[in-house]
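This report covers the salt bridges, the sheet and the nonpolar cores of one protein model. The sequence and the structure come first.

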Amino acid sequence: MSSSYNTIEKPVLNIILKEKGSRFIGFAWQVNSEEEIRKRLEELKAEHPKATHHCYAYRLGINGEKYRANDDGEPSGSAGLPIYNQLLAHGVTNILLVAVRYYGGTKLGVSGLVRAYKDCAKMTLAESTITVRELEFTIEIEFNFSQQNTVFTVLNRYGTKILDFQSGDSCTITASLKLGHKKSISEQLSEMQHIQFTFRD
């Protein structure tokens, strides 16, 4: 199973494409949940209340297993799908891409719409910086106070982020580290006496 995925580094906003009087405005965000997607869409609709359509596509999950393409009133398959196909073509996930349309008075036809939404999505992604993100997991480790230095040495070796540390006769550390290091750190901690550890998602 892969432990990394491609997404965009930071939001891309207000990428404008004009087609026969219609204006298409592209937006893209790195997102981690459907709740975050709903919030972004609500904010965008509040920013552009007079727009004719807010068409979008998103992918979530390391392999883009959660996804949706929405035409928002445009002819079926003419808007959301061309946007979604650009996410696939660029190999990105955990991303929401929206094309806001202001109708300009001239109908584009289905093929014209497909091209315009595809080009808007493509231009938006062309302005983004695609970055590799690694999946992380959380580990909780219990150990004796005398083992503190040894445990911290192991954790530092793997670039671990300490989330919580409770010290006493018995100590507990909660830490976050990259999924790719899970096997190695498990093996090292298992070799030490008086140490207990559990993983969380």
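## Salt bridges

Arg40 and Glu43 form a salt bridge through their side chains, with N and O 3.7 Å apart. A salt bridge here is a side-chain nitrogen of Lys or Arg within 4 Å of a carboxyl oxygen of Asp or Glu. The model is predicted: local features need pLDDT of at least 70, side-chain atom pairs count only at pLDDT 80 or more, and totals for chains, interfaces and linings use all residues. Residues are numbered from 1 along each chain as its sequence is written, and side-chain values use heavy atoms, with hydrogens and water left out.

Both Arg40 and Glu43 belong to helix α1 (residues 34-47), where three residues, about one turn of the helix, separate them. Helices (H or I, at least four residues) and strands (E, at least two) are DSSP runs, numbered from the N terminus. Arg40 is partly exposed at 25% relative accessible area, and Glu43 is partly exposed at 35%. On this scale, buried means under 20% relative accessible area, exposed over 50%, and partly exposed in between (1.4 Å probe, protein chains only). A network of salt bridges links Lys39, Arg40 and Glu43.

## Other charged pairs

The salt-bridge count comes to five. One of the pairs joins the side chains of Glu136 and Lys161, at 3.4 Å from N to O. Glu136 is in strand β8 and Lys161 in strand β9, so this pair ties together parts that are 25 residues apart in sequence. Glu136 is partly exposed, with a relative accessible area of 37%, and Lys161 is partly exposed as well, with 45%.

Lys183 forms a salt bridge with Glu187, with 3.1 Å between the closest N and O atoms. The two residues lie in helix α5, four residues apart, about one turn of the helix. Lys183 counts as exposed, at 61% relative accessibility, whereas Glu187 is partly exposed, at 41%.

## The four-stranded sheet

Four strands make an open sheet in the order β9-β10-β8-β11, with antiparallel pairing. Two strands pair if DSSP finds at least two bridges between them. The edge strands are β9 (161-166) and β11 (196-200); each has a single partner strand, so one side of each is left without a neighbour in the sheet. Direction ignored, neighbouring strands are turned by 15 degrees against each other on average.

Five antiparallel bridges pair β8 (residues 136-144) with β11. Glu140 has Thr198 in β11 as its bridge partner. Helix α4 (residues 148-157) packs on the sheet and touches β8, β9 and β10 (170-178), its direction making about 165 degrees with that of β8. Helix α5 (residues 182-190) also packs on the sheet, touching β8, β10 and β11, and its direction makes about 160 degrees with that of β11. Contact means heavy atoms within 4.5 Å; axes are lines fitted to C-alpha atoms, for helices over the stretch in contact, and angles run from 0 to 180 degrees between N-to-C directions.

## Nonpolar cores

The largest nonpolar core has 23 residues, and those with the most contacts inside it are Phe24, Ile83, Leu87, Ile95, Leu97 and Tyr117. Such a core is a set of buried Ala, Val, Leu, Ile, Met, Phe, Trp, Tyr and Cys residues joined through side-chain atoms within 4.5 Å. Elements supplying at least two residues each include β2 (12-19), α2 (80-89) and α3 (109-126). The largest share, six residues, comes from α3.

Another core, of 16 residues, lies apart from this one; among its residues are Ile141, Phe143, Leu177 and Met192.
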